[in-house]
Amino acid sequence: YSESQIMGLVQPIVLETHQIGNPYTSYQIYLANVILPGILQLIIIVMVVFSIGYELKMRTSREWMKTADNSILIALAGKLLPYTAIFLVIGISMDILFFRVLYFPMAGSLLSIIMGTSLMVFASIAVGVCLISAMPVLRDAISLAALYSVMAFSLVGLTLPIMGMHPILQGLCNLFPLRHFFMIYVNEALMGVGFSYYWIHVVALLAFLLLPYFGIYRLRNALIHQNYPLK
């Protein structure tokens with residue numbers, strides 16, 4: 001057979017692919033922009049749970065509350081604001097590294113991605129406060145926080161599309177801040193379609209900020225009365 005005849009047998013149909021958001025089909029572009037924010041979400045939730053739960057475990061929560069005049073809002077603000085600043089710096093630096101140093105594809109606005117990252121940081125902090133409020137025992141809350149954070153990697157829709165999951169799992173995907181950040185990243189950075197296509201995910205991240213209010217008084221009572229197991 002001649003070369004043209006052989007190629008007709010080996011590859012009878014020649015594919016032409018014109019990929020919009022990732023023309024190099026680079027897994028680094030697909031994975032790094034979600035895996036690293038996912039790790040950041042895990043660290044945030046576990047650190048928030050540990051920093052509050054450690055006060056209970058070491059029986060220092062009453063002194064902590066006294067310094068805040070027994071105001072749970074002031075106590076949480078004093079405890080979490082330094083962590084929030086650190087995590088925001090890490091998240092924003094990560095975005096700048098991806099899109100300004102490594103030159104990952106950016107079809108939209110970098111400021112929108114930074115907004116999404118910042119909202120994910122705030123939402124993750126709110127989830128951590130909610131978990132330690134629901135279960136004010138350090139070992140149990142840490143285990144729950146780790147389980148919750150790791151599940152996000154499977155349910156974010158990165159490796160397995162949401163439409164291929166069981167309907168129940170499709171609903172559970174929305175319970176993770178990382179899922180909504182992922183949708184902001186895809187629509188803004190890869191597709192460049194604008195805010196009108198992912199505004200619902202911005203609203204969802206803002207809704208996470210309401211979670212601590214459902215258990216904040218339970219947490220306050222636990223910090224003052226220390227009426228939960230400490231080991």
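Rings of Phe, Tyr and Trp (its six-membered ring) are taken as a pair if their centres lie within 6.5 Å, with planes under 30 degrees apart called stacked, over 60 edge-to-face and the rest tilted. By this criterion, a search of the whole structure finds six aromatic pairs. The structure is a predicted model, in which local features need pLDDT of at least 70 and side-chain atom pairs count only at pLDDT 80 or more, while totals for chains, interfaces and linings use all residues. Residues are numbered from 1 along each chain as its sequence is written, and side-chain values use heavy atoms, with hydrogens and water left out.

A pair of aromatic rings is described by the distance of the centres and the angle of the planes. For Phe98 and Phe99 the ring centres are 6.4 Å apart and the planes stand at 85°, so this pair is edge-to-face. Both Phe98 and Phe99 are buried, where buried means under 20% relative accessible area, exposed over 50% and partly exposed in between (1.4 Å probe, protein chains only). Phe99 also forms an aromatic pair with Tyr185, and this one is tilted, with 6.5 Å centre to centre and 40° between the planes. The pair links distant parts of the chain, since Phe99 belongs to helix H4 and Tyr185 to helix H8 (residues 177-191), 86 residues apart. Helices (H or I, at least four residues) and strands (E, at least two) are DSSP runs, numbered from the N terminus. Tyr185, like Phe99, is buried. Ring pairs join Phe98, Phe99, Phe104 and Tyr185 into a cluster.

Helix H4 also takes part in a helix crossing. The axes of H4 (residues 72-101) and helix H10 (residues 216-225) come within 10 Å and cross at roughly 85°; axes here are lines fitted to C-alpha atoms, for helices over the stretch in contact, and angles run from 0 to 180 degrees between N-to-C directions. H4 and H10 are therefore roughly perpendicular to each other, on a scale in which angles under 35 degrees count as roughly parallel, over 145 as roughly antiparallel, 65 to 115 as roughly perpendicular and the rest as oblique. On the H4 side the contact is made by Ile72, Leu73 and Leu76, and on the H10 side by Ile216, Leu219, Arg220 and Leu223; contact means heavy atoms within 4.5 Å. These residues divide into six nonpolar, no polar and one charged. In this division Ala, Val, Leu, Ile, Met, Phe, Trp, Tyr, Cys and Pro count as nonpolar, Asp, Glu, Lys and Arg as charged, and the others, Gly among them, as polar.

Ile92 is a further residue of helix H4. With a relative accessible area of 28%, Ile92 is partly exposed. Beyond residues up to four places away in sequence, Ile92 touches Ile114, Thr117 and Ser118. The C-alpha atoms of Ile92 and Thr117 are 7.1 Å apart in space, although the two residues are 25 apart in sequence.

Helix H2 holds Ile45, which is buried with a relative accessible area of 0%. Apart from neighbours within four places in sequence, Ile45 is in contact with Ser124, Val127, Gly128, Leu131, Ala145, Tyr148 and Ser149. Leu138 is found in helix H6 (residues 138-155) and counts as buried at 13% relative accessibility. With the same exclusion of sequence neighbours within four places, Leu138 is in contact with Val49, Phe50, Gly53, Tyr54 and Lys57.

His201 is placed in helix H9 (residues 199-208) and is buried, with a relative accessible area of 13%. Its contacts, leaving aside neighbours within four places in sequence, are with His180, Met183 and Ile184. The side chains of His201 and His180 make a polar contact at 3.1 Å. A polar contact is a pair of N or O atoms within 3.5 Å; within protein, one must be able to donate a hydrogen and the other to accept it, and residues adjacent in sequence count only if both atoms are side-chain atoms.

Two loop residues remain to be described. Most residues other than glycine have a negative phi. Arg59, in the loop between helix H2 (27-57) and helix H3 (61-67), has a positive phi near 60°. Asp69, in the loop between H3 and H4, has a positive phi near 55°. Arg59 counts as exposed at 52% relative accessibility, and Asp69 is exposed with a relative accessible area of 67%.
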